Amino acid sequence: MSFRRGVVRQSKFRHVFAQAWKAEHCLDDVRVTRVTWEGPLCAANPKFIAVIVEAGGGGCFLVLPLSKSGRVDQTIPTVCGHAAPVLDIQWCPHDDNVIASASEDCSVKVWQIPEGGITSPMTEAVVTLEGHSKRVGILAWHPTALNILLSAGCDNILCIWDVGTGELVYRLDDIHPDLIYSVSWNREGSAICTVCKDKALRVIDPRRGTVLKVKEKAHEGSRPMRAVFLSDGKILTTGFSRMSERQLALWDTRDLSEPTAVQEMDTSNGVLLPFYDPDTNMVYLCGKGDCTIRYFEVTEEPPYVHFLSLYSSKEPQRGAGFLSKRGVDVNKCEIARFYKLHERKVEPISMTVPRKSDLFQGDLYPDTAGLEPSLLAEDWIAGQDAPPVLVSLSGGYTAPPSKHRDTLRNRPKLPSQGSTSSTGSQRAAGDANATPVTTATRDTEGESVSMAVTAQEADGDGERVKREEEQLCEVLAEVKALRALVLAQGQRIELLESQLARIEDGDV
């Protein structure tokens, strides 16, 4: 294994270190699924952690509050509405209580998780999306548009859904000749990048259904690849060389003829799962079956991809969940957190930047994407694009009430939609029979829900205000101490100057 080190590079992330949490803070007796699908098998947000687990029949996944630790009882209720094993789960970026699941039963289901967690087995999804003819293994929520969800199946088809109406709005069925390995939206959600079993990297306009760019044989090896869009429009891929060495490559979408940077790592056969943090421009690589997590920083200067360090442990990981930035502990300078899946355990691992000050480190936490969507589903479908709405993490993050966000718990169950032949008739049916998932404040019910959310969050706001007042008092105390020190030094300087003047005048 070789990494370019050269001259010491200045970076505030050069000393990031990873540390596993103590045993009492782990989740024990979690029977992680044995399905062979090459996915993370876990998803986490500021409220919950979800893990795909073993099921006697059908498929299910576990949803626990993020604060949960210790042994997980085998009788704990699960989300168990699928008729076959679950392959992928993804939390909605605009509602921390909404999660989508994809399964071998060819369906995608969207679930509303009650506040505080599940108290009884969940078998009825709020929305069931049926349009694939083979198992569905990949899900990706639109980063800025409300209720837009992408799914990819083993039928080599990409489906884009309006979850609010249960409508299949775009179906891309003639682009990929073989199994799709990975799908990633760009930051504004105007394009997606995919990698396929034919080894090609594609950049696609999902609304037009056209391939904008393509790179044949992005990696020469035959093992599965992964691709992720970076915030500046570049694409980072992981794959294998012709000699079965694991590779990391960076591509400029303006010219895919040659990679901007390539790094070869080792000859392990575990598929590398990339997790990207757009706020810090760092990439974390978790290999299935590896005992390590590598992390890199992507910059504008050569060699563009800088190896920082790696976390190593004794036990291999079967998957990993990457926590949303809104959930990290800013008071401990935690910039990322993973939930590493063992055979029967979930272990949190924190990535932190060592700092001595107790004040908020603004350089480590630029404004990050919040819950508020930039667009409604119909706006994106009509051709609009917008960057994410950013929020500050100063003092920790507390979700504000939103004029576009609502929960699913009071909504009627939507009818499932099959593979549609007429988009117009579907839209009409959806408008007549179904209520959008999160277009809350357009009616009286939405207003009452917003008031309820505000009431529930009042305590959290009070705690945040109290924390900010305490920090302000600390800052004022430091300023007062500094002022006293400056005054004392000023008096000392005046005394020294007067003594010097007397010496120069010959008085001493």
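Trainee: Hi! Which residue forms a salt bridge with Glu-343?

Mentor: Arg-34 does, and the closest N and O atoms are 2.8 Å apart. The two sit in distant parts of the chain, 309 residues apart: Glu-343 in the loop between β29 (334–341) and β30 (345–352), Arg-34 in the loop between β2 (27–28) and β3 (42–44). Strands here are DSSP runs of E with at least two residues, numbered from the N terminus.

Trainee: What counts as a salt bridge?

Mentor: A side-chain nitrogen of Lys or Arg has to lie within 4 Å of a carboxyl oxygen of Asp or Glu. By that rule there are 21 salt bridges.

Trainee: And what should I know about the model itself?

Mentor: This is a predicted model, where local features need pLDDT of at least 70 and side-chain atom pairs count only at pLDDT 80 or more, while totals for chains, interfaces and linings use all residues. Residues are numbered from 1 along each chain as its sequence is written, and side-chain values use heavy atoms, with hydrogens and water left out.

Trainee: Back to that pair. Is Arg-34 buried or exposed?

Mentor: Arg-34 is exposed, at 52% relative accessible area, and Glu-343 is partly exposed at 45%. The cut-offs are under 20% for buried, over 50% for exposed and in between for partly exposed, using a 1.4 Å probe and protein chains only.

Trainee: Now Asp-290: which residue does its side chain meet in a salt bridge?

Mentor: Arg-246, at 2.6 Å from N to O. Asp-290 is in the loop between β25 (282–287) and β26 (292–298) and Arg-246 is in strand β22 (residues 246–251), so the pair ties together parts that are 44 residues apart in sequence. Asp-290 is buried at 6% relative accessibility, and Arg-246 is buried at 1%.

Trainee: Which residues are linked with them in a network?

Mentor: The salt-bridge network links Arg-246 and Asp-290 with Asp-266 and Arg-294.

Trainee: Changing topic, what order do the strands take in the open sheet with β12?

Mentor: The order is β12-β13-β14-β15, 4 strands with antiparallel pairing. Its edge strands, β12 (136–141) and β15 (167–172), each pair on one side only. To pair, two strands need at least two bridges found by DSSP.

Trainee: How many bridges join β14 to β15?

Mentor: There are 5, with β14 covering residues 158–162. Asp-162 stands opposite Glu-167 in β15.

Trainee: One more: which side chain meets Arg-171 in a salt bridge?

Mentor: That of Asp-173, at 3.7 Å from N to O. Arg-171 is partly exposed at 32% relative accessible area, and Asp-173 is partly exposed at 43%.
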